Amino acid sequence: MITYSGSKKWALVSLSILLSIIFLALSGCTVKFVSQYDEITDSSVTALQRKVETFMVTLESQDGLPECSYEHHKEFYQEAKVDLSAMRVRAAAISKNKITVAQLKLLSDSFIQLENLHKLKVEKSESTNDLRCITKDEVSLLRTAFNSSFTAILKLERSEEHTSELQSH
């Protein structure tokens with residue numbers, strides 16, 4: 001059996017305590033690359049997805065009717081822009097949330113493109129005197145694209161929720 005003198009014994013005890021403290025500190029600390037779960041972002045994105053789905057269903061039912069024109073749907077685009085702006089401001093205010101901010105920027109860009117497509121259909125119909133709107137086939141493609149964006153944002157939020165739960169235990 002090894003025995004240590006007083007000063008060596010004190011050094012070993014001190015080293016053991018120091019290593020224990022370091023181990024406990026490190027085991028309680030995790031490096032976070034994404035923000036914590038934000039319930040408001042989650043519910044806001046879900047609410048916007050419902051608005052978009054309602055819009056898509058409406059467009060499908062109006063295919064070939066005068067109500068399908070851009071002018072009849074301006075309010076939807078205005079509300080969507082406001083909703084997205086609020087979500088982007090909130091997301092930007094949360095630390096380590098760059099991915100969500102980038103995803104919301106891409107979603108905003110998609111809304112701008114959708115609005116431009118809708119306006120373009122009006123321009124074409126005015127130049128040819130034909131009624132042209134976003135068709136059911138186009139709605140189907142647009143729905144898939146938008147739902148992919150919404151799903152990506154929600155999956156990230158849900159992974160943050162799971163990460164937050166793990167860190168609290």
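## About the model

The model is predicted: local features need pLDDT of at least 70, side-chain atom pairs count only at pLDDT 80 or more, and totals for chains, interfaces and linings use all residues. Residues are numbered from 1 along each chain as its sequence is written, and side-chain values use heavy atoms, with hydrogens and water left out.

## The disulfide

A disulfide is a covalent bond between the sulfur atoms of two cysteines. Here the term covers a pair of cysteine sulfur atoms within 2.5 Å. The structure has one: C68 is joined to C133, with an S to S distance of 1.4 Å. This pair links distant parts of the chain, 65 residues apart, with C68 in the loop between α2 and α3 and C133 in the loop between α4 (98–128) and α5 (136–168). Helices are DSSP runs (H or I, at least four residues), numbered from the N terminus.

The torsion about the S-S bond of C68 and C133 is about 60°, so the disulfide is right-handed. C68 is buried at 1% relative accessibility, and C133 is buried at 5%. Buried means under 20% relative accessible area (1.4 Å probe, protein chains only).

## Serine 69

S69 lies in the loop between α2 (39–61) and α3 (74–93). Is S69 buried or exposed? With a relative accessible area of 17%, S69 is buried. Leaving aside residues up to four places away in sequence, S69 touches H118, V122 and C133; contact means heavy atoms within 4.5 Å.

## Two packed helices

α2 and α3 pack at an angle of about 165°, with their axes 11 Å apart. That makes α2 roughly antiparallel to α3, a term for angles over 145 degrees. Axes are lines fitted to C-alpha atoms over the stretch in contact, and angles run from 0 to 180 degrees between N-to-C directions.

Definitions and conventions:
Buried means under 20% relative accessible area, exposed over 50%, partly exposed in between (1.4 Å probe, protein chains only). Angles under 35 degrees count as roughly parallel, over 145 as roughly antiparallel, 65 to 115 as roughly perpendicular and the rest as oblique.
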